[in-house]
Amino acid sequence: MDRVSLTVRLTAFYVLASTLLLLGMAAFISSAIQQHFAELDRETLNDKIQLVRGIVANAASLEDLRGRLNDALQSHPGLYVRIDGADGLVLYDTAAFQFPPALLQQPPAAVGQHTSAWHDGQASYQGVVATLAAGAVLKQDARMVAAVDTAHHAHFMADLRHSLWLYVLAGAATSGLLGWWATRAGLTPLRRMKAKAQLVTANKLDQRMDVEAIPVELADLATSLNEMLQRSQTDFGRLSDFSSDLAH
């Protein structure tokens, strides 16, 4: 690092700080949207549970219940339901849909609590276990498992994360260019001091740094250089006078 230019160092630090900030912002946005979607899924499950409970309460028989549930599922795509009786028999189950064993073994939860998420290939789901109260059709409390398809949320989050990564990369590249430009502009006074110092020769010791035109951070350095040049000019003048006296 000792041989790396100050411009490169400051640009690298600027890019690093900007990238960390952008990554933090991207993580916050992703997490907030993910939590929002999870809340929407819980609300959707709550609505579906209430829908099924209403169907159960209005059904006249077990066959009527199954018919009503089939009609409801056709009107609510992405909703999957399974009802287990108190004796463990399956009273209703959505055709061609497999609930995960871990969800089937969970105890019933209060509405909106203990939802579970899982993936099946490219599909993703959110499910919950609830209790159906006994009534005209159900002689005893039954156990209901409900799930909703959340693939559209998962696809949106995948696209969002891809966009955020592109934004972070573009932001890092842009911050690098801006950081390099800002650093080059900020170091202009140093380059001017260098150019001024290169004008100093044995016959031109009267060159001085313009302290008033230099940023305050470099003013002390410029003042020290001017004092050094003044001492050099004085000493060189005395040496020249002494040489002249010797010559005479």
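Biologist: How many bridges join strand β3 to β4?

Modeller: Two strands pair if DSSP finds at least two bridges between them. Strands are DSSP runs (E, at least two residues), numbered from the N terminus. Here 5 bridges join β3 (residues 116–120) to β4, and the two run antiparallel. Trp-118 has Tyr-125 in β4 as its bridge partner. This is a predicted model, in which local features need pLDDT of at least 70, side-chain atom pairs count only at pLDDT 80 or more, and totals for chains, interfaces and linings use all residues. Residues are numbered from 1 along each chain as its sequence is written, and side-chain values use heavy atoms, leaving out hydrogens and water.

Biologist: What lies between β3 and β4?

Modeller: They form a hairpin with 2 residues between them, and Gly-121 in the turn has a positive phi of about 70°. β4 also pairs with β5 (residues 142–149), antiparallel, over 8 bridges; there Tyr-125 is partnered by Asp-149.

Biologist: Why is β4 described as largely enclosed?

Modeller: Buried means under 20% relative accessible area, with a 1.4 Å probe and protein chains only. Of the 10 residues of β4 (residues 123–132), 9 are buried, so the rest of the structure largely encloses this strand.

Biologist: Which residues cover the two faces of β1?

Modeller: In a regular strand the side chains alternate between the two faces of the sheet. In β1 (residues 79–84), 6 of 6 residues are buried: Leu-79, Val-81 and Ile-83 on one side, Tyr-80, Arg-82 and Asp-84 on the other. β1 is joined to β5 by 6 bridges, antiparallel, with Ile-83 opposite Met-144.

Terms used: Buried means under 20% relative accessible area, exposed over 50%, partly exposed in between (1.4 Å probe, protein chains only). Helices (H or I, at least four residues) and strands (E, at least two) are DSSP runs, numbered from the N terminus.
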